[in-house]
Amino acid sequence: MSATIEQTTPATTPDTSGESRRAVRIGICGLGTVGSGTVNVMARNRDEIAARCGRPVEIVQIGARRDNPACDTSGVDVSREIFDVAANPEVDVLVELIGGTTVARELVLAAIASGKHVVTANKALIAEHGNELFAAAAEKGVTIAYEAAVAGGIPIIKSLREGLVGNRIQWLAGIINGTGNYILTEMREKGRSFEEALRQAQDLGYAEADPTFDVEGIDAAHKLVIMASLAFSMPLAFDKVYTEGISGVSSEDIRYADELGYRIKHLGIARGTEKGVELRVHPTLIPQRRLIANVNGVMNAILVSGDAVGPTLYYGAGAGAEATASAVIADIVDVARTLESRPEERVPLAGVARGSQGGTRVLPMDEVVTSYYLRISAHDKPGVMSQVASICSDQGISIEALIQHEPAEGEALVPVVILTSRAREARLREAVAQIEALDTVEGEVVRIRVEPLG
Ligand code: HSE
């Protein structure tokens, strides 16, 4: 399909020196939620974008298997073959919004090989293949920009790459999966079951095509390694992230956390230590008084602590057509602004490109030190508490808080809830194994890590 674009802005815009600069020509691959959002926002804000960019920005081609009634593509060359866009000499910047990692990787490599800059919202692609793609892009002197890959519309990549560049980042912790946060919020506030809340998140279009990515923490792990690569100037290390999802979080644990003054949130945490960088994604108890503990529904938020600036918090929509389009367009404008500068003078887009700490060690989970929430199902018999306390003490773990209610009518088992002091993960695991082996204890001990975040 091909037609003439109705031009409301001239194809050149005067720059500050009064010269006219030619339009930046964009090719979009993928016309799903984010693709259609990008087309719509670019059309609506066309003049503002051109003015800020110093030149017009035009979509000259779209590669999509099918049309999307959510956006108007009349006047744009639409091809059913996405690789046409990578090969099109009229395209300066290829915007990859097809998702997945196999075809998307080939498409991005093809675009790079033909000298195009790439903008992508694809977190899995960057997290799993970013090292290879950045190397290919550096070789060709082109840029790969990926603001939209992490936390939708929140400009967290720019914040890490530019706004916080003078800091030594100490740690970051984020609610970076909207679906997971929506499910935990619905369970806590409306008493919904996990399954019911997940169905709702799917109906609302928040979840990934395969919701396992959301509920088992894979999506959050993708986003975490991307942020960590910038924060700690390290290569993308997706295979080294400790990943635990929210499918094991029960309404009972959410209630006990409330009673102790905490909220359960699914966090991605990266922390620099003397021995290496912690990279972990898991449900976490955080004090209710923290702002991030009150980030609810599908919203995302990321706390970043730098040695100079202290803790900073970034909050906003982590998904959705136009919120993500906002980040895609920010990248398009960034790339357009630097088209004439030498590649090495552009803002580096990946931690690994800086090459300063290529050998950063990711700390094995056994060496991570944190506090724990434990829920033990114990028989209502004397002596259980002293056995548990003595096992903890032998491992150098103190009990900071404890809840034990009367057993429910007719119930032989009673839940014992403990908050521990900070301890090495390996020691905690050993203590839990010993507690589970007690005759007075039934089943597995529920464990959720606790982070003060302050
Ligand atoms: N499924 C993702 C989420 C979409 O729920 O956060 C945005 O990456």
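**Aromatic pairs and domains in a predicted model**

At 26% relative accessibility, Y206 counts as partly exposed. The legends below describe a predicted model.

**View 1. Y182 and Y206 form an edge-to-face aromatic pair.** The ring centres of Y182 and Y206 are 5.5 Å apart, with 70° between the planes. The angle counts as edge-to-face because it is over 60 degrees. Y182 belongs to helix 7 (residues 178-190), while Y206 sits in the loop between helix 8 (194-203) and helix 9 (212-215), so the pair ties together parts that are 24 residues apart in sequence. Y182 has 11% relative accessibility and therefore counts as buried. Y206, at 26%, is partly exposed.

**View 2. F134 and Y146 form a tilted aromatic pair.** This is one of two aromatic pairs in the structure. Between the ring centres of F134 and Y146 there are 5.6 Å, and the planes meet at 50°, so the pair is tilted. F134 is in helix 5 (residues 123-140). Y146 is in the loop between strand 8 (144-145) and helix 6 (156-163). The two residues are twelve residues apart, and their pair links distant parts of the chain. Both F134 and Y146 are buried.

**View 3. The protein chain is divided into domain 1, domain 2 and domain 3.** Domain 1 is made of two segments, 12-153 and 322-345. Domain 2 covers 164-317, and domain 3 covers 368-450.

Note on methods: Residues numbered from 1 in each chain as written. Predicted model: local features only at pLDDT ≥ 70, side-chain atom pairs only at ≥ 80, totals over all residues. Heavy atoms only, no water. Phe/Tyr/Trp six-rings, centres within 6.5 Å; stacked < 30°, edge-to-face > 60°. Helix = DSSP H or I, 4+ residues; strand = E, 2+ residues; numbered from the N terminus. Buried < 20%, exposed > 50% of the residue type's maximum accessible area, 1.4 Å probe, protein only. Domains from an automatic or database assignment.
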